[in-house]
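Hi everyone, thanks for coming. Please have a look at the sequence and the picture on the screen, and then we'll walk through some of the details together.

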Amino acid sequence: MMSNGTSSALNSEQDLSSIPTAGGGLSRLAIARLKSAGVPVAPLLRRVGLTPEVIAEPEERLSVRSQIALLDEAAIALKDDYLGFTLARDFDPRDLGLLYYVMASSQTLGDALKRVARYSQITNEALVFGYREGNRLILNLVYYGIPRHSDRHQIEFCMFGVLRICRVLTGQNLVPQYFSIAHYRSEGISEMARFVGTKVEFGADKDEFALNLDARELPLIHADPYLRDLLLKYCEAALADRRGDMSQLRTRVENAISSLLPHGRVLVEDVARVLGMSERTLARKLSDEGLNFTEILQQLRRDLAVRYLDDRKLHVSKIAWLLGFNDVSAFTHAFKRWTGKAPSQIRTAGAY
């Protein structure tokens, strides 16, 4: 029989092993940008729990939460609220390493995107690309183990970065049929739209974009079947090593709620349907993990409210709608209950 001490140690190891990690390439791009701007990086790294030694070692993986926090801090220090986008627009795609080369060595764009969908977890365990074909070619991002609402810069880098790589690999200025991102932005969208070539919809249900179906047959400039076969073997081995626990129920529930909030009242049965389970099964799983659906919903609404209020151009009535409230008064009452303060006390005067 296992002792309590041994059981606790094993549980701790399992908890650590389930924390999503990333290769850290995006963090290192941000650090390079900070250094080129003359911003001291050591204090910033300390604030997010990282060290210069970890950043200096390309083989060191970072927790995805650390990477998100680092990008947030870097954006503030650089006064660039669109850091993920600007990095995606300017970076050398070869900095992605293995994932870029396995794409570039593919025969067609469709093959390259299928490999992104299969192997993206090697680079970032929390961000998994999905690929599907129908009337159009669709690439989307799904979060595992990390609350979707906690991230802006990382997701924007991935979305805009993959589109840019598609253009680089085909030598064509591909323009999506649509381009949508789940988090909300109130300004700075026009530059992104110019880059994409069409409207960028923020506050959408999904993080995804679609290309014309014919794009899947586009040949790639650097196709190399010998390199492709070599890299595929390496990727399969790396993928087997990276398969982690993607169940983490709380973040799955939070991510499902986030997509439903702007549509009005969020019901547990709707969340269960999004997660592909019955209401009874979801209730049992939550209970098994000591979780409560209403508490998760209210905590998520509170966290989102604070984030939205930080955007001074976002009208409070819009925030109320984004959080699923019928009117501003209902939102104000709830916010006072959560924080003991009115939204106007969080914002500067006149932000309404």
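**A walk through the model**

Let's begin with Thr-108, which lies in the loop between H7 and helix H8 (109-123). Helices here are DSSP runs of H or I with at least four residues, strands are runs of E with at least two, and both are numbered from the N terminus. Before we go further, please keep in mind that this is a predicted model: local features need pLDDT of at least 70, side-chain atom pairs count only at pLDDT 80 or more, and totals for chains, interfaces and linings use all residues. Residues are numbered from 1 along each chain as its sequence is written, and side-chain values use heavy atoms, with hydrogens and water left out.

Back to our threonine. Is Thr-108 buried or exposed? Thr-108 is buried, since its relative accessible area is 15%. The word buried means under 20% relative accessible area, exposed means over 50%, and partly exposed is in between, using a 1.4 Å probe and protein chains only. Which residues does Thr-108 touch, leaving aside its neighbours within four places in sequence? They are Arg-216, Glu-217, Leu-218, Pro-219 and Leu-220. Contact here means heavy atoms within 4.5 Å.

Next, helix H6, where we find Ala-88. Ala-88 counts as buried, because its relative accessibility is 0%. Not counting residues up to four places away in sequence, Ala-88 touches Phe-157, Phe-160, Gly-161 and Arg-164. Look also at Leu-163: Ala-88 and Leu-163 are 75 residues apart in sequence, yet their C-alpha atoms are 9.2 Å apart in space.

Now for the aromatic rings. A pair of aromatic rings is described by the distance of the centres and the angle of the planes. Rings of Phe, Tyr and Trp (its six-membered ring) pair if their centres lie within 6.5 Å; planes under 30 degrees apart count as stacked, over 60 as edge-to-face, and the rest as tilted. How many aromatic pairs does the structure hold? There are 11. One of them joins Phe-85 and Phe-195 in an edge-to-face arrangement, 5.6 Å centre to centre and with 85 degrees between the planes. This pair links distant parts of the chain, as Phe-85 is in helix H6 (residues 83-90) and Phe-195 is in helix H10 (residues 189-196), 110 residues apart. Phe-85 counts as buried, with 1% relative accessibility, and Phe-195 is buried too, at 18%. Both belong to one aromatic cluster, made of Phe-85, Phe-160, Phe-179, Phe-195 and Phe-209.

For a charge to sit over a ring, NZ of Lys or CZ of Arg must be within 6 Å of the ring centre and within 35 degrees of the ring normal. Elsewhere, the charged end of Arg-301 sits over the ring of Phe-325, 4.1 Å from its centre.

On to salt bridges. A salt bridge is a side-chain nitrogen of Lys or Arg within 4 Å of a carboxyl oxygen of Asp or Glu, and a search of the whole structure finds 17. Take Asp-81, which forms a salt bridge with Arg-152, the closest N and O atoms being 2.8 Å apart. Asp-81 lies in the loop between helix H5 (64-78) and H6, and Arg-152 in the loop between strand S4 (136-143) and helix H9 (153-170), so the pair ties together parts that are 71 residues apart in sequence. Asp-81 also forms a salt bridge with Arg-185, with the closest N and O atoms 3.1 Å apart. Arg-185 lies in the loop between strand S5 (178-181) and H10, so its pairing with Asp-81 ties together parts that are 104 residues apart in sequence. Asp-81 is partly exposed at 34% relative accessibility, while Arg-152 counts as buried at 18% and Arg-185 counts as buried at 4%. There is a network of salt bridges too, linking Arg-33, Arg-89, Asp-90 and Glu-191.

One last stop: Lys-79, in the loop between H5 and H6. Most residues other than glycine have a negative phi. Lys-79 is not a glycine, but its phi is positive, at about 55 degrees. Lys-79 is exposed, with a relative accessible area of 76%.
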